[in-house]
Amino acid sequence: MIIKILGATLILMSSSLIGFYYSKSYIRRSEDLRTFKKALILLRGEINYSLSPMPEALEDISKRFDHEISDFFRSIAEELKLNLGKSLTEVWKKKAEEILKRTYLNPIDIKNIMIFSENIGYLDKEMQTNNINLLLEQINEEIKTSIENDNKYNKLYRSLGVLGGILVIVLFI
C-alpha cells in the first residue's frame with residue numbers, strides 16, 4: 001500500500017512539474033523578446049552615436065547581458081573578426097539558427113530576426129536605424145501576443161499537468 005501511495009505521489013508531482021514547465025514557457029519567451037529588444041536598442045545606439053564597426057558594436061552589446069542572446073551577438077562578432085569572407089547576413093542567419101533555437105523564441109521570432117539581417121550592415125545609418133525600428137515594432141507586437149497567451153494558457157497548462165497526473169493515478173489503481 002505504501003508503494004502505491006509513493007508511486008501515485010511521484011506521478012502527480014512529475015505531471016504537475018511538466019504542466020508548470022510548459023506554463024512558464026510563455027513568460028520565458030516574453031523575457032527573451034525583451035532582452036533581444038534591449039540589445040537592438042543598444043545596437044541602434046551604437047550605430048547612431050558610436051559609429052563603431054559592426055563586430056565591435058555586437059561585442060559591446062554582448063558584454064551587457066548575461067543571457068543566450070549575448071552569446072548570439074558575441075558569436076557573430078567573433079566570426080566577423082575572423083574575416084572568413086562571409087557577409088554579416090550569412091553569419092547572422094547561421095548563428096540565429098544555432099543559438100536562438102536554444103532560447104524560448106518561437107520560429108516566427110527567429111525568422112523575423114533572420115529577415116532583419118538581410119538589411120543591416122551595408123546600408124547607411126538612417127536605413128539601418130529604420131530597419132531596427134521596424135524589428136522593434138514587430139518584437140513589441142510579439143511581446144503583447146506572448147503576454148496574452150500567457151494569461152490565456154498559463155492556468156490551462158498547470159491544470160492539465162495536475163489533472164493528467166490524477167488521471168494516470170486513477171487508471172493505474
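This is a predicted model: local features need pLDDT of at least 70, side-chain atom pairs count only at pLDDT 80 or more; totals for chains, interfaces and linings use all residues.

The largest cavity holds about 60 Å³ of space.

What lines the largest cavity? The residues are Leu33, Phe36, Asp109, Asn112, Ile113, Leu135, Gln138, Ile139 and Glu142. By class, five of the lining residues are nonpolar, two are polar and two are charged. H6 has the largest share, with four residues.

Now the helices themselves, starting with H1. H1 has 49 residues, and at 1.5 Å a residue they should span 72 Å. The end C-alpha atoms of H1 are 68 Å apart, which agrees. Where does H1 bend? The bend is at serine 25, by about 30°.

H6 can be treated in the same manner. Its 48 residues should span 70 Å at 1.5 Å a residue, and the C-alpha atoms at its ends are 65 Å apart, which agrees. H6 bends by about 40° at tyrosine 153.

Tyrosine 153 also brings me to the aromatic residues. One aromatic cluster is formed by Tyr21, Tyr22, Tyr26, Tyr153 and Tyr157.

How many aromatic pairs are there? The count comes to 10. Take tyrosine 21 and tyrosine 22: their ring centres are 5.5 Å apart and their planes are at 80°, so this pair is edge-to-face. Tyrosine 21 has 44% relative accessibility and counts as partly exposed. Tyrosine 22 is partly exposed as well, at 43%.

Another pair is phenylalanine 73 with tryptophan 92. Here the ring centres are 5.9 Å apart with the planes at 80°, so this pair too is edge-to-face. Phenylalanine 73 sits in helix H3, residues 68–82, and tryptophan 92 in helix H4, residues 88–99, so to speak two distant parts of the chain linked across 19 residues. Are these two residues buried or exposed? Both phenylalanine 73 and tryptophan 92 are buried.

Next, the loops. Most residues other than glycine have a negative phi. Which residues have a positive one here? One of them is leucine 51, which follows H1. Its phi is about 55°, although leucine 51 is not a glycine. Leucine 51 lies in the loop between H1 and H2, and at 61% relative accessibility it counts as exposed.

Asparagine 83 is another case, with a positive phi near 55° in a residue other than glycine. Asparagine 83 is in the loop between H3 and H4. With a relative accessible area of 67%, asparagine 83 is exposed.

Last, serine 62, which belongs to helix H2, residues 54–62. What does 2% relative accessibility make of serine 62? The cut-off for buried is under 20%, so serine 62, at 2%, counts as buried. How far is serine 62 from leucine 51? The two are 11 residues apart in sequence and 17 Å apart in space, C-alpha to C-alpha.

That is what I had.

Terms used: Residues are numbered from 1 along each chain as its sequence is written. Side-chain values use heavy atoms; hydrogens and water are left out. On a 1 Å grid over the protein atoms alone, a cavity is a set of points where a 1.4 Å probe fits but cannot get out, and a pocket is an open set with protein on both sides within 12 Å along at least five of seven lines; lining residues have an atom within 4 Å of a point. Grid points are joined across faces, edges and corners, and a volume is the space filled by probe spheres set on the points. Ala, Val, Leu, Ile, Met, Phe, Trp, Tyr, Cys and Pro count as nonpolar, Asp, Glu, Lys and Arg as charged, and the others, Gly among them, as polar. The expected span of a helix is 1.5 Å times one less than its number of residues. The bend at a residue is the angle between axes fitted to the seven residues ending there and the seven starting there. Rings of Phe, Tyr and Trp (its six-membered ring) pair if their centres lie within 6.5 Å; planes under 30 degrees apart count as stacked, over 60 as edge-to-face and the rest as tilted. Buried means under 20% relative accessible area, exposed over 50%, partly exposed in between (1.4 Å probe, protein chains only).
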